[in-house]
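Q: I am new to this structure and would like to learn how its features are read. Could you take me through them one at a time?

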Amino acid sequence: MMTNVEYMQHAIRLASKGIYTTDPNPSVGCVIVRDGEIVGEGWHQRAGEGHAEVNALKQAGDKASGATVFVTLEPCSHTGKTPPCADALVAAGVKRVIAAMTDPNPLVSGNGLKKLSDAGIDVESGLLEAQARELTPGFIKRMESGRPFVRVKMAMSLDGRTAMASGESKWISSEASRVDVQHLRAQSSAVLTGIGTVLADDPSMNVRLTAEELDIDEELLRQPKRIVLDSQLQMPSKAKIFAVEGDSAGGECIVYTAVDADIDSRRPYSVEKINAQDGRFDNRKLDNGKLDLHQVMKDLADKQVNLVHVEAGSVLCGALLKNDLVDEIILYMAPHIMGDAAKGLFHLPGLEEMKDRIELEIKDVRSIGKDIRITAKPV
């Protein structure tokens, strides 16, 4: 017979099946156990569709009565695009509900467990909470702080360089690392870059993996939003970032600019001509003519963006780090030496003494092809 920990571990594995598909909702898994036997299991697959508990209850049927439910996130108690899961569990007659963590959503936060308890169901939370929180860092960050989780991805040589002095940077990392980055993009709500990167490289900033490569159903394949920070509105009308296949699956282009003028009168094209379905510009103006990065992140959170994946140059990455807006750094270190004239990772003027340095905590180190991938977070 499996232990409670093992049942919750199984629920966490089920939840991980939704990391590419549930945005802007969290990834959640559920296991229903009766008399030491799993009688139902499920996970949330896509926003607007059945939650993990409902899918597990459908599989369990009448066997859910008197059963124990293991779920990675507190059952919802409010009506959104679907009815409350707490009500479904009460109606099914379950005896006990064990949640890995309470829901950080203020609309739920403890109310789901209270509703279950008031109905006579034994409830508890906290089993494998740390592991459950790792499933949905973006959703948790947005609910707890009002801004998205920001992940900065960079590739560097062994001597810490990201591009040659000429600006040439393709390719520092190996093909295996570039495939790994595609998985990170696919998990994200949005991929963000700066106008400098767009003008230099004209990137698409999209997910180029197939549904089969992501191990998901074709209809669940989606593209993250594509965000460009362009304070002076230099965005070319034919940039690849505006013409990415898969926009019908959720992709959207947003350009943030600090230009305080009528956009259409300044440019040789209209907003509609850039991307008739989704293209748009958002104005966020400061007196110094630069973008307020905190305001940009708040605005993205208002758009239900949970996790922002950043692929940009040293200036923007340095500005995000300096503004305490970086939650995680993914660094691919390739076995090359590029020399002291090449460009560094972060542009951080003003760091002159040891006390000024930015301390990082290394969370994970692993080999990806010929490269080493370091996952770190600012302390």
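A: Let us begin with burial: a residue is called buried under 20% relative accessible area, exposed over 50%, and partly exposed in between, with a 1.4 Å probe and protein chains only. By that rule, 49% of the 379 residues of the protein chain count as buried. This is a predicted model, in which local features need pLDDT of at least 70 and side-chain atom pairs count only at pLDDT 80 or more, while totals for chains, interfaces and linings use all residues. Residues are numbered from 1 along each chain as its sequence is written, and side-chain values use heavy atoms, with hydrogens and water left out.

Q: How many helices and strands does the protein chain have?

A: Helices (H or I, at least four residues) and strands (E, at least two) are DSSP runs, numbered from the N terminus. The protein chain has 13 helices and 14 strands.

Q: Which residues have the most contacts inside the largest nonpolar core?

A: A nonpolar core is a set of buried Ala, Val, Leu, Ile, Met, Phe, Trp, Tyr and Cys residues joined through side-chain atoms within 4.5 Å. In soluble globular proteins, nonpolar side chains tend to be buried together. Here the largest such core has 38 residues, and M8, I32, V94 and V97 have the most contacts inside it. Helix α1 gives the most to this core, with six residues. Apart from it lies another core of 31 residues, among them M154, L192, M297 and L316.

Q: Where is L229 found, and is L229 buried or exposed?

A: L229 is found in strand β8, which covers residues 225-229, and L229 is buried because its relative accessible area is 7%. Contact means heavy atoms within 4.5 Å; leaving aside neighbours within four places in sequence, L229 is in contact with residues including L192, Y256, V296 and L316. L229 and V296 are 67 residues apart in sequence, yet their C-alpha atoms are 8.9 Å apart in space.

Q: What lines the second largest pocket?

A: On a 1 Å grid over the protein atoms alone, a pocket is an open set of points where a 1.4 Å probe fits, with protein on both sides within 12 Å along at least five of seven lines, and lining residues have an atom within 4 Å of a point. The second largest pocket is lined by 41 residues, of which E134, L135, P137, R151 and E328 lie nearest its centre. The largest share of this lining, six residues, comes from α6.
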